[in-house]
Amino acid sequence: MEETSHGTGGLTFDKSKRSWPNEMNILLALIIIIVIFEILGQALPYMKDQSFLFDSRDRFDSIFNEARLKIIILQVAIIGIIALGVTQVIITAGIDLSSGPLVAATAMIAMSLAQTELVNGYPNPKAVFGVWAMDLPVIIPVVAGLIFGAMIGAINGTFIAYFRIPPFIATLGMFMICRGIALWWSGGNPVSFPTESFKSIGAGMMPVFWFLSLAVIFHFILKYTVYGKHTYAIGSNEEAARMSGINVKRHKVLVYMIASMLAAFAGVILSAKASTAQAGMGEFYELFAIAMAVIGGISLTGGRGSIIGTVLGAMVFGVIRSGFTFVKLDGSYQLMAMGGIIIAAVVLDQYRQRNKA
Amino acid sequence: MSEDIVLKAEDLTKHYGGVHALEGADFEMKKGEHVAIMGDNGAGKSTFVRQITGVEQRTRGKVWLYGEEVNFAGPLDAREAGIETVFQTLALADDLDVPDNLFLGREKTFANWLGPFRILDYKGMRKATLAGLEKTAVKIPNIRNTIQNMSGGQRQCVAIARTATFQSRLTIMDEPTAALGVQETEQVEHIIKTLKENGEPLILVSHNMRQVFDLVDRIVVFRRGRICANLAKADTDPQDVVAYITGAKTGEEYRESAL
């Protein structure tokens with residue numbers, strides 16, 4: 001208190017006084033989980049001293065098991081793209097449940113505009129539109145998907161900001177509407193046989209490229225732009241944001257639009273990767289995306305969280321998935337462990353917050 | 001109208017449905033003057049402030065700022081015109097640090113063609129923050145701390161420093177020390193005295209009689225939505241003011257309207 005009363009103390013901008021960033025804890029947790037799998041690989045009798053992440057073969061051209069590293073990140077990349085959007089929504093103290101079905105609906109729409117006319121010399125058996133929609137440049141299905149996402153996001157945001165519908169309800173409704181659109185689009189039939197150029201945007205490690213590029217872009221946007229600052233301000237104290245002259249309603253619509261566009265983009269990439277689109281795609285993706293953000297240290301009451309945290313949360317997700325496969329444990333255990341980790345992450349975070357206050 | 005009049009309000013009225021929260025308030029303050037607004041709970045003090053600062057739209061009446069008639073559509077308009085308000089509810093974002101809060105809604109930026117994605121000038125905002133804190137003699141150990149890690153007094157100081165960072169032409173404080181301890185209150189009062197020395201006009205809404213008599217030049221008393229007294233500090237004393245607040249007494253010129 002002496003430091004703050006007038007006459008003593010000083011004005012400082014001291015970098016060294018920055019607090020331990022929350023992201024470091026998640027990184028630490030990630031390392032601990034990796035170490036646990038590493039130990040299990042050595043200790044479990046049926047594992048024959050395999051290493052989880054390091055190259056255990058008799059070769060010296062690589063330190064890490066690159067194949068496993070690639071799989072770990074590849075299998076979380078598409079949900080990770082959704083998580084980048086849901087992170088922003090949760091920072092404003094909102095939630096977006098519509099992203100999973102939006103992935104499916106967008107996949108259907110984009111794939112319908114990405115089909116080839118001829119499959120092995122015969123007309124495309126899964127054709128949705130006529131010949132005019134065949135062999136279009138790759139940009140068209142991508143842009144169509146993004147526009148659809150923007151529309152859905154604008155509707156979500158408008159109901160939430162202007163009609164004051166709780167985000168949970170508004171996006172729950174949209175969750176069902178989007179699944180309905182996906183089922184209705186081609187009468188429940190899969191849409192398939194895309195052009196080679198469309199396949200190429202989701203081929204191989206492309207989903208990882210998109211995920212990491214978008215993560216870098218949105219990390220920058222959230223940290224260094226007015227959009228980012230206002231997003232945090234609204235989640236932190238909406239009343240204060242309004243009194244400071246921020247157009248809270250318009251900003252919320254923008255946040256939901258960006259989140260839905262990211263989910264739509266995930267749908268486009270997923271359909272390109274799978275070379276097909278089905279109405280049942282993206283099941284539970286919205287919840288996995290929220291889980292990644294939560295493991296990444298986001299606060300559901302808003303104001304706190306970061307893209308780096310969410311990327312690390314996605315990595316925890318991927319490592320656990322891959323680790324359970326590595327120690328040959330069934331998927332059912334994976335789900336149980338994941339659930340436990342989500343709850344543990346929130347408990348630890350609340351404990352940390354309480355101790356700080 | 002003279003440029004010496006910082007703020008003038010005529011017949012300022014606000015009805016919330018059938019509730020007459022503010023009725024026909026006439027108010028005037030001169031350059032460099034510090035005026036206190038006193039009154040019981042629900043007397044119309046905060047309502048008055050909300051009409052002046054554009055947080056709400058008045059039912060009736062006119063407001064002039066430095067001789068110019070103003071109609072603020074929102075708090076940002078009032079702020080752009082030079083009215084800085086420290087609200088009772090503080091209006092700070094807990095998860096942001098000091099410069100972020102000071103510049104919330106009017107950030108210094110680069111590349112403005114990027115629209116909502118224009119880039120924040122963190123360095124410029126830090127500099128201006130330190131200058132603003134210096135001007136008000138506010139001491140905060142580290143401006144990079146988020147608001148949630150600060151004491152009530154420090155929070156109040158941040159809210160007040162916001163007014164000094166932007167060359168305000170009129171500062172309004174709504175119960176700035178209501179939730180503060182003795183030492184913190186002293187700190188805030190010190191800042192108010194600094195503003196007085198710098199000749200910056202101030203409206204102080206307060207319940208604290210000692211504080212009001214310590215800090216201001218003039219006291220305006222509200223009762224049941226109406227102004228019932230306008231007293232120069234030299235001509236009055238705390239008992240007198242209490243009499244006006246409770247309704248035992250009503251100012252000569254207000255007698256008709258207060259019945």
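Eight is the number to begin with: 8 bridges join strand E1 (residues 5-16) of chain B to strand E2 of chain B, and the two run antiparallel. Two strands count as paired if DSSP finds at least two bridges between them. Helices (H or I, at least four residues) and strands (E, at least two) are DSSP runs, numbered from the N terminus.

Before I continue, a word on the source. This is a predicted model, in which local features need pLDDT of at least 70 and side-chain atom pairs count only at pLDDT 80 or more, while totals for chains, interfaces and linings use all residues. Residues are numbered from 1 along each chain as its sequence is written, chains are lettered from A and ligands numbered from 1 in the order in which they are written, and side-chain values use heavy atoms, with hydrogens and water left out.

Let us stay with chain B. Its open sheet of 4 strands has the order E2-E1-E4-E5, with antiparallel pairing. Which strands form the edges? They are E2 (19-30) and E5 (68-69) of chain B, each pairing on one side only. In general, strands of a sheet pair through backbone hydrogen bonds, either parallel or antiparallel. Helix H1 (residues 45-52) of chain B lies across E1, E2 and E4 (60-65) of that chain, running at about 115° to E1(B). Axes here are lines fitted to C-alpha atoms, for helices over the stretch in contact, and angles run from 0 to 180 degrees between N-to-C directions.

I turn now to chain A, which has 13 helices and 4 strands. Its C-alpha atoms fill a box of roughly 85 × 60 × 35 Å, taken along the principal axes.

Helix H10 (residues 248-274) of chain A packs with helix H3 (residues 99-112) of chain A at an angle of about 55°, with the axes 7 Å apart. H3(A) is therefore oblique to H10(A); angles under 35 degrees count as roughly parallel, over 145 as roughly antiparallel, 65 to 115 as roughly perpendicular and the rest as oblique. The residues of this contact between H3(A) and H10(A) (heavy atoms within 4.5 Å) divide into 10 nonpolar, 5 polar and no charged. Ala, Val, Leu, Ile, Met, Phe, Trp, Tyr, Cys and Pro count as nonpolar, Asp, Glu, Lys and Arg as charged, and the others, Gly among them, as polar.

H10(A) also packs with helix H2 (residues 66-91) of chain A, at about 175° and with axes 8 Å apart. H2(A) and H10(A) are therefore roughly antiparallel.
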